[in-house]
Amino acid sequence: MRVGELAEREVAARLERPGLDLDTGPFVVRLETPIENLVEEVRFLYHDFPVVQDDGFVDFHVSISQPSGLRRWWRRQAVFRFDGAMPFEPLPFRMAVPMLEWSLNWCAATEAHQYVMIHSAVVERNGLTIILPGVTGSGKSTLCAALVHRGWRLLSDEFALIRPRDGRLVPWPRPISLKGRSIDVIRRLAPEFRVGSSVPNTEKGTVAHLQPPAESVRRANDTAAPTWIVFPTYQADTPTCLSPLPRARAFFRLADCSLNYELLGRRGFETLLQVMESCDAYDLTYGRLEEVLGLLDVLEPPKSAATSA
Amino acid sequence: MNPTRNVVWQVSEGSRLLWKSWDDEYVVFDDGSGYTHVLDLVAGEVLKVLEEAPADPSQLTHRVASRLDLTPDPKLVGRVQETIRKFHEVGRVEPTLS
Amino acid sequence: MLALTPVEWDLLLRQARRASAVGRLGALLDEPGALDGVPAKVREHLEAADALVQQQHRLMRWEVTRIRRALANTGVGIVLLKGAAYLLAALPPAKGRLFSDVDIMVPKTRLPEVEATLLREGWEFLDMDAYDDQFYRVWSHELPPMQHRDRHIVVDIHHNILPPTGRLHPEASLLLAMARPLPGSPLKVLAPPDMVLHSASHLFQSGDLHSGLRDLTDLDALMRHFAADTEFWNLLSSRAVELGLTRPLFYALRFAHRLLGTPIDRQALDRAMAWAPAAPLRVMMDFLVTEALTPQSTGQASQRNRLARWLLYVRHHWQRMPPLLLARHLLHKSVSRGRAAH
């Protein structure tokens, strides 16, 4: 049973109490919220996600609600609670939707150390994957959305989850977040995408979320092997330039984009070694999406790995 | 601290180094401190030599030169000194306790 | 414990997370076959928590080595306390446990030399305002916490196990005299009875009961471990008298026994009753401590729980300094906390 198959009333009721259990792929999330417009957007953005019906184990208990007291009515706020604690300051009420997405990112970032986590987008086609590491603003989410529009499967727009025991990428195909200008860029490029409401004036500018393609959600349990690592940098009006990166350099930059490489110590090191052994890495600067998409379509698969020390 | 002629250097006590090389570079992880380094050939050889046994800068330069088939000229001496200085700065090597 | 439903596992994990004890839970299950009945998702959470624990342990060992080397030429005897001691002496409380600071104890007369040496070797005092700095140095007669400029671990350098401004004054020289060296190392740890008394004094004098249950489990683990020596309970009681720490020992034995079922020698328990406070205070402490230490089932600290914790916090500071100074200190703390929130 998927969210989209439940009646609106039922989704709202469950979200209010005891919470709606969503199978998001690697994590079962119990979401509790009484906030109406958040209910609407959850139904929209998580339309194709399975609802977990039985009483089972939940990975993250997330509540987005309103604070008690004055701020419940005046300059209304939304509050994220995780296991009863409040990791963030409250945000203005209208930011409830991005708050949900940031909260889920936070849950994984602080808890999910069974994976090596890289701040990156990940897409897959024909069994080959591109990891696009980068901080917010590097353009990875826009590039990710464009690649998905072009037919690549979405594994994630935010987190590469790498499984240490076999180096495989675990999908977490949640809504893609777009910021500022890229919202319009993607609306024009991909009119078939279903885009949620824009929320202006967040600390990341205007933010909107894309409903992830049903097929990507359906395949949330299909892991994939890493193939290419492409570090994107968007710079308006620059020609597209894809230059190979030596593996040692790429290793370091990948580790630098990781949320928990240092924390994981030896296991983090060995996992990224495994990844780098089988991948080719590139630096990418680009100014025009259309040029880049064509280039990424025809990347050469890596030859067999270099010899080790 | 500037590496002087009389200081004998060692890999920092408690280090456990894991090595990987690709092309002309090394990635080294230390399971003691949790630090990771990317090193060129000379820096890598300096660390390998010290990993085997403590050495003063002069011994170090000669061993590195012999293993990499280089001349132990002033340029190499300078490079080795600089490498020791940087390693010391990041806590990778330390003077042996007298 | 192993035959839990998924919902029960869910609740257990969340409780453990609230008490920062997920690593502990994992360590408890680290027996052959114990993980067989545990659902895969739960095992993943345990694994994730273990990664954090291993990282902390690594950083702590590294820091202790660096401190030892930095102070090597001074010849000052270093006694490791609390987490650093448990870890390096491979004692049960270290398993699965998250620690934050490295605590060491040195003779009071050597403090200036230790301070100067560490400063020279790259450690710095933590950023704090002039008030806190004064609080540490002048009032507590302690060094403010230090941190090496290249690292994050905080180092606390003590000359006794309790602040000199409190009501209890164990004789530091007695503690140092009985300290035991670690195998193959110049570093020492407190003798077993002293370690237990330190933990007991810390738990029941400390103002911060947020991690109270965790500290009580340390006490439980220590006592179970040391009880293998039949002399231990006698030594513990007589040492408590010698150091003037009989009241905290009373609380430790009483609450470990009541809340955690720690097997405690009957004679030791009986003897400790003589050190109990008068009935009204004891009843109130029973209520406060049980209320403050018992985890809340919904994961939300109830009003009563918070009140109990605040009362104990005030009691801690009451014992540490005169009333006027306490008021000033608490006022300052709440003002700076208010500022930090904006």
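Predicted model: local features only at pLDDT ≥ 70, side-chain atom pairs only at ≥ 80, totals over all residues.
**Entry 1: chain C against chain A**

I looked up the size of the contact first. The size of an interface is often given as the accessible area lost when the parts come together. Here chain C and chain A bury about 1,900 Å² between them, and 50% of that area lies on carbon and sulfur atoms. I found 21 residues of chain C and 26 residues of chain A taking part in the contact.

**Entry 2: polar and charged pairs**

I then went through the pairs that cross from chain C to chain A. Three salt bridges are counted there. One of them joins C:Glu47 to A:Arg267, with 3.6 Å between the closest N and O atoms.

**Entry 3: the chain C side**

I asked which elements of chain C give two or more residues to the side that touches chain A. They are helix 1 (6–18) and helix 3 (40–71). Helix 3 of chain C supplies the largest share, ten residues. By class, I have nine nonpolar, four polar and eight charged residues on this side of chain C.

**Entry 4: helix 1 of chain B**

I checked the length of helix 1 of chain B, residues 41–52. At 1.5 Å a residue its twelve residues should span 16 Å, and the end C-alpha atoms are 17 Å apart, so the two values agree. At the start of this helix, a side-chain oxygen of B:Asp40 comes to within 3.2 Å of the backbone nitrogen of B:Val42. I listed the buried residues in helix 1 of chain B as B:Val42, B:Ala43, B:Gly44, B:Glu45, B:Val46, B:Leu47, B:Val49 and B:Leu50.

Definitions and conventions
Residues numbered from 1 in each chain as written. Chains lettered and ligands numbered in written order. Heavy atoms only, no water. Contact = heavy atoms within 4.5 Å. Buried area = accessible area lost by both parts, 1.4 Å probe. Salt bridge = Lys/Arg side-chain N within 4 Å of Asp/Glu carboxyl O. Helix = DSSP H or I, 4+ residues; strand = E, 2+ residues; numbered from the N terminus. Nonpolar A, V, L, I, M, F, W, Y, C, P; charged D, E, K, R; others polar. Expected span 1.5 Å × (residues − 1). Buried < 20%, exposed > 50% of the residue type's maximum accessible area, 1.4 Å probe, protein only. Polar contact = N/O pair within 3.5 Å; in protein donor to acceptor, adjacent residues only side chain to side chain.
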